Amino acid sequence: MKVIVVVGARPNFMKAAPILRAIAVANEQGVPITPVLVHTGQHYDALMSDAFFTDLNLPAPDIHLGAGSGSHAVQTAEIMQGFERVLDRVRPDVVLVVGDVNSTVACALVTAKISFDAQGSRPLLGHVEAGLRSFDRAMPEECNRVVTDHLSDLLFVTEESGLRNLNNEGVSPNRVFFVGDTMIDSLLSCERAAGHSTILQRLGLATSSNGAAAHKQSYALLTLHRPANVDNRTIFLEILEGMCEMTATQAVIFPAHPRTQKMIQQHQLESYFNFQNGHGGRKRDAKEARLTVIDPLGYLDFLCLMKNASLVVTDSGGIQEETTCLGVPCVTVRENTERPVTLTKGTNIIGGTQRDTIRTAIRQQQENQSHCRSFPELWDGKAGSRIVEILLKQWRLHSAVPPAELLTGSTSSSLES
Ligand code: UD1
């Protein structure tokens, strides 16, 4: 079985790594699976991509499409053209896409429409992290999720809400598999290594004694990258104002996405920050501005920073899940989440995007000291191996199924797990 695994943007790398590891384990046990890692190049900066290959022990991509940035249409089209050539050349049995970024939907579209022969043979398409819904179609990721799910033959679901959403949308349950969360597989397998990170010392948040961190300073962590939050000056300002009460009493570390760093300058919001990023910027007295911008971090440094933070404020999806498992309180600066299990079982609350709602959410989290680590159903570090097991089984079953019947549900008995 030849499996293409697609990655493109930062949050894809930790979701794909456990699948590649599970394939390697299967190989060691004599199961013949050939993985082909395709990097679309959606994220290309060393800090947004290369660092993750090192930290997650990912093999170098077999194929790099070099797509880069652009409008949604340009980026998606660029990836589609490159990926179609890859499929024609590699002829995989299975294509696995992960998450909800433009690379995910672009490669799903190509796979669903390709035809290798007159019978319309094409690879099986699997979507890892299927079924999540924010019900907010203004989010590009929501469009990507819906389209990818409805094109996929095999839908790998991370949380119970995903099963409900797919059922409500009429997706045949025979295509849906509740497997857990590969992002949490990565967290669990890298936690020990992250404990050796020196990021706290490098940022002056802890002194080091005999290699162990001592005298830790309390700090909060901020991440913001969504265009809806940072491209709009009014909303960006609301978020910063909503955090002012906290920044008056506590250091806040802000590893900023390249887009966000550009926007800080474009919106002339520099006075809110102390810059410790590689691109210079105005260095301010840390007492004057306790919100410190640093460059994006690698996986292990970020995991260490997140685990030791007193609070995380974020607009990321994955961080809501990671803070839940780490037992760190999280305030999501969005109006919704596609990951409701982090609200019901985890440490996350919705803070909205207005200064008052954000301030209230932060206070609520600061007052609630009862957070502990929480692992929603099947978030047990084994999602990657479950996916590989199901792929093998489904591929064997599918070999006997005419391609035209894949998505119609007429194959329901043969696709049953
Ligand atoms: C993408 C995903 C988002 C994910 C985020 C994680 C989509 C629609 N969005 O958003 O879901 O949460 O990745 O980071 O796919 N840039 C660089 N260097 C890079 C990559 C990007 O400077 O390596 C800058 C470019 O100016 C680019 C901008 O960031 O135009 C946005 O990059 P893009 O890939 O379009 O989307 P993200 O905002 O990163």
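The lining of the largest pocket divides into 20 nonpolar, 17 polar and twelve charged residues. Here Ala, Val, Leu, Ile, Met, Phe, Trp, Tyr, Cys and Pro count as nonpolar, Asp, Glu, Lys and Arg as charged, and the others, Gly among them, as polar. This is a predicted model: local features need pLDDT of at least 70, side-chain atom pairs count only at pLDDT 80 or more, and totals for chains, interfaces and linings use all residues. Residues are numbered from 1 along each chain as its sequence is written, and side-chain values use heavy atoms, with hydrogens and water left out.

**Largest pocket**
- The largest pocket holds about 1,200 Å³ of space. A pocket is an open set of points on a 1 Å grid over the protein atoms alone, where a 1.4 Å probe fits, with protein on both sides within 12 Å along at least five of seven lines. Its volume is the space filled by probe spheres set on the points, which are joined across faces, edges and corners.
- There are 49 lining residues, and R10, H43, M48, H225 and H257 are the closest to the centre. Lining residues have an atom within 4 Å of a point.
- Elements that give two or more residues to this lining are α1, α2 (46-55), α3 (72-90), α5 (140-151), α12 (258-266), α13 (299-308) and α14 (318-326).
- Helix α12 supplies the largest share of the lining, five residues.
- Helices (H or I, at least four residues) and strands (E, at least two) are DSSP runs, numbered from the N terminus.

**Strand β1 and its partners**
- Strand β1 (residues 2-7) is largely enclosed by the rest of the structure, because five of its six residues are buried. Buried means under 20% relative accessible area (1.4 Å probe, protein chains only).
- β1 and β2 (residues 34-39) run parallel, joined by six bridges. Two strands pair if DSSP finds at least two bridges between them.
- V5 has L37 as its bridge partner in β2.
- The β-α-β crossover from β1 through helix α1 (residues 10-28) to β2 is right-handed. That means a clockwise path from the first strand over the helix to the second, with the strands pointing away from the viewer.
- β1 also pairs with β4 (residues 94-98), in the parallel sense, over three bridges.
- V3 has V94 as its bridge partner in β4.

**Cysteines**
- The structure holds zero disulfides, a disulfide being a pair of cysteine sulfur atoms within 2.5 Å.
- C107 is in no disulfide, and the nearest cysteine sulfur, that of C143, is 17 Å away. C107 counts as buried, at 0% relative accessibility.
- The sulfur of C304 is too far for a bond, 13 Å from the closest cysteine sulfur, in C190. C304 is also buried, at 6% relative accessibility.

How values were computed: Buried means under 20% relative accessible area, exposed over 50%, partly exposed in between (1.4 Å probe, protein chains only).
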